[in-house]
Amino acid sequence: LWTKKIGGDEAEYVEDIQPTFDGGYIICGYADEDYYACYYLAKTSAKGELSWSKNYGCTARVDLRAQSVQQTADSGYIMAGYGDDHTYGDGTGYMYLVKTDSIGDTLWTKKYDWPSYEIAYSVHELPEGGYIIGGYTSSFGAGASDFLLMKTEEQGDSLWMKIYGGTAD
């Protein structure tokens, strides 16, 4: 029915797209900024016309890659993914949440930084409030990488975390 190209001068990568309450779409992923990546969020109309787009966490020596987005009950958006701080060169990464208002302005961010490497692949708002996050961890569990499920409260503070998996990845 239609095809649209959105984005700026740098490379942008789509990781998730979801419908919005107004019939449009919200798109998340990451944008390359001077050899590092930052979260990318774009809102379109039902016909794919760009309403707005924003980058989050663009800092030298840090890669941030959004993997999942959902519109929240307050008409804002929640994004989950991961970050990797190259300043230390230790190969660790962390899960990273960004909550925005309806026009993409940041309300809060949350970094879940443990000893090894974690990635959030999915986030969903819960009917009772808060969020459920699915991903993987190399910091906890029985093997090199295990499935991680975490429930948070409305501001992203962890209520509980469960790890599932065996001795292999």
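The link of Cys38 and Cys58 is right-handed, with 65 degrees about the S-S bond. Cys38 lies in strand β3, residues 36-44, and Cys58 in the loop between β4 (50-56) and β5 (62-71), so the pair ties together parts that are 20 residues apart in sequence. Strands here are DSSP runs of E of at least two residues, and helices are runs of H or I of at least four, numbered from the N terminus.

Before going on, this is a predicted model: local features need pLDDT of at least 70, side-chain atom pairs count only at pLDDT 80 or more, and totals for chains, interfaces and linings use all residues. Residues are numbered from 1 along each chain as its sequence is written, and side-chain values use heavy atoms, with hydrogens and water left out.

Back to the cysteines. A disulfide, as counted here, is a pair of cysteine sulfur atoms within 2.5 Å. The S to S distance for Cys38 and Cys58 is 2.2 Å, and a search of the whole structure finds one disulfide. Cys38 is buried at 0% relative accessibility, whereas Cys58 is partly exposed at 43%. Buried means under 20% relative accessible area, exposed over 50%, and partly exposed in between, using a 1.4 Å probe and protein chains only.

What about Cys28? Its closest cysteine sulfur is in Cys38, 13 Å away, which is too far for a bond. Cys28 is also buried, at 0% relative accessibility.

Next, strand β7, residues 94-100. Seven of its seven residues are buried, so β7 is largely enclosed by the rest of the structure. On one side these are Tyr94, Tyr96, Val98 and Thr100, and on the other Met95, Leu97 and Lys99.

Which strands pair with β7? Pairing requires at least two DSSP bridges between two strands. Strand β6, residues 77-85, runs antiparallel to β7 and is joined to it by seven bridges; Ala80 has Leu97 as its bridge partner. Strand β8, residues 106-112, is also antiparallel to β7, over six bridges, and there Met95 is partnered by Tyr112. β7 and β8 form a hairpin with five residues between them, and Gly104 in the turn has a positive phi of about 85 degrees.

Last, the cores. A nonpolar core is a set of buried Ala, Val, Leu, Ile, Met, Phe, Trp, Tyr and Cys residues joined through side-chain atoms within 4.5 Å. The largest has 15 residues, and Tyr39, Leu41, Tyr56, Val69 and Met79 have the most contacts inside it. β5 gives the most to this core, four residues. A second, separate core has 12 residues, including Tyr131 and Ile133.
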